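Here's a quick tour for anyone meeting this structure for the first time. Have a look at it, then read on.

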Amino acid sequence: MKKHNFYAGPSILPEYTKQQMAKAVINFAGSDLSLMEISHRSKEFQSVMDEAMALVKELLNVPEGYSVLFLQGGASLQFLMAPFNLLKNKAAYVNTGSWSTKAIKESKYVGETVEVASSKDKNFSYIPKDIKAPSDADYLHITTNNTIYGTEFNKIPEVNIPLVGDMSSDILSRPVDVSKFDLIYAGAQKNIGPSGATLVIVKDSALGKTGRVIPTMLDYNTHISKGSMFNTPSTMAVFGALQTLKWLKSIGGVPAMEKINKEKSALLYKTLDESKLFKANIPAKEDRSRMNVTFVMAKGYESLEQEFLDFATSKGMVGVKGHRSVGGFRASLYNALPLESVKALVETIKDFEAKH
Ligand SMILES: *Cc1c(COP(=O)(O)O)cnc(C)c1O
């Protein structure tokens with residue numbers, strides 16, 4: 001049966017990425033070797049890494065003076081590497097959910113960490129406004145899209161200090177002004193490629209200022225000086241990322257992607273807002289994520305939750321169960337998910353309503 005993949009991560013990949021990866025597993029770049037068995041120092045793989053870095057710069061309009069890296073350890077390791085490399089005086093954080101909370105925890109291991117805004121009071125169902133960052137903080141950390149709760153900074157806060165952004169679940173989904181950030185990081189497995197790589201974009205001049213001794217593997221400069229090849233990179237994951245970046249470029253790049261993402265999310269939210277059985281979790285339209293749409297059964301219909309999940313599964317919908325900490329449902333509409341899949345989900349919702 002045709003499957004519609006709404007998993008939150010690892011998640012749907014473009015058909016192009018899967019086809020190219022399948023070929024490369026057997027015969028990579030005409031080498032008569034598998035991508036899995038070729039040295040990362042081979043000229044064939046070196047060009048994969050070079051091209052992937054260059055395409056990130058091109059697609060996100062990364063200004064001069066920034067380095068692009070493909071590291072390992074996930075966004076979760078970046079929670080620690082960010083303060084280790086950038087926190088001198090103190091770090092400011094906005095707490096918009098589980099991932100921000102984890103980032104704050106790691107920063108506290110490193111130095112003074114202040115939470116300057118939070119939406120915890122309403123179970124992370126909104127994005128705090130009028131965020132003020134202390135002028136003596138080294139950076140303000142934000143989680144641009146909150147994968148679990150389904151909120152997103154539709155406007156990046158205007159502050160007088162550099163930003164650090166966890167963009168794991170919305171990178172490349174919309175244009176971003178990289179120059180406002182000292183650091184952007186994103187686990188690859190949501191919008192970039194298969195799991196196993198973490199994209200880092202870091203401003204070179206922001207580094208080396210903390211006075212702290214940084215262990216080799218935790219130091220961005222180690223990886224910058226070796227072009228992300230200080231140690232063995234995740235060759236499969238970087239190759240997969242490159243294919244997705246090429247696909248994204250072929251469809252018109254990030255601005256074209258944003259247009260499609262707006263259309264996809266608008267269609268689903270409209271359906272939920274008009275529904276009597278279902279309700280979107282996030283009340284304020286401007287705070288709703290375009291990447292992860294969270295919703296629940298409306299008041300009085302809670303008992304239908306399992307029945308809807310079974311019904312959706314029977315229609316080929318995959319991964320619509322909500323995160324265990326939130327419950328209800330979540331449909332992740334990442335870049336690679338076609339509009340056609342959102343239409344199929346909308347039809348499923350409407351068919352279910354017609355039965356009740
Ligand atoms: C998935 C996710 C993470 C964790 O990523 P890992 O690569 O599993 O460490 C962190 N932040 C956000 C916003 C995420 O969506």
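Helix 2 (residues 43-59) lies across strand 2 and strand 10 (198-203), running at about 130° to strand 2. Helices (H or I, at least four residues) and strands (E, at least two) are DSSP runs, numbered from the N terminus. For packing, contact means heavy atoms within 4.5 Å; angles run from 0 to 180 degrees between N-to-C directions, with axes as lines fitted to C-alpha atoms, for helices over the stretch in contact.

This is a predicted model, where local features need pLDDT of at least 70 and side-chain atom pairs count only at pLDDT 80 or more, while totals for chains, interfaces and linings use all residues. Residues are numbered from 1 along each chain as its sequence is written, and side-chain values use heavy atoms, with hydrogens and water left out.

- Seven strands make up an open sheet with mixed pairing, in the order 2-10-9-8-5-3-4; two strands count as paired if DSSP finds at least two bridges between them.
- At the edges sit strand 2 (66-71) and strand 4 (113-118), each pairing on one side only.
- Neighbours in this sheet are turned by 20° against each other on average, ignoring direction.
- Strand 3 (residues 91-95) and strand 5 (residues 139-143) run parallel and share three bridges, with Ala-91 standing opposite Tyr-139 of strand 5.
- Helix 3 packs on this sheet too, touching strand 2, strand 3, strand 5, strand 8 (163-166), strand 9 (181-187) and strand 10. The direction of helix 3 makes about 160° with that of strand 9.

- Four antiparallel bridges link strand 12 (residues 292-297) to strand 14, and Phe-295 has Phe-329 in strand 14 as its bridge partner.

**Around the ligand**

- Which residues come nearest to the ligand? Of the 13 around it, they are Ser-76, Thr-147, Asp-166, Gln-189 and Lys-190; a residue is near if one of its heavy atoms lies within 4 Å.
- Helix 3 (residues 74-86) gives the largest share of that shell, with four residues.
- By type, the shell holds three nonpolar, eight polar and two charged residues.
- For Ser-76, a side-chain N or O atom is 2.6 Å from a ligand oxygen.
- On its own the ligand exposes 390 Å², and the protein buries 87% of that (accessible areas come from the Shrake-Rupley method with a 1.4 Å probe).

- Most residues other than glycine have a negative phi, and most peptide bonds are trans.
- Gly-9 and Pro-10 are joined by a cis peptide bond, with omega about -5°; Pro-10 is in the loop between strand 1 (4-5) and helix 1 (15-26).
- Asn-61 isn't a glycine, yet has a positive phi near 50°, and Asn-61 lies in the loop between helix 2 and strand 2.

Conventions:
A polar contact is a pair of N or O atoms within 3.5 Å; within protein, one must be able to donate a hydrogen and the other to accept it, and residues adjacent in sequence count only if both atoms are side-chain atoms. Ala, Val, Leu, Ile, Met, Phe, Trp, Tyr, Cys and Pro count as nonpolar, Asp, Glu, Lys and Arg as charged, and the others, Gly among them, as polar.
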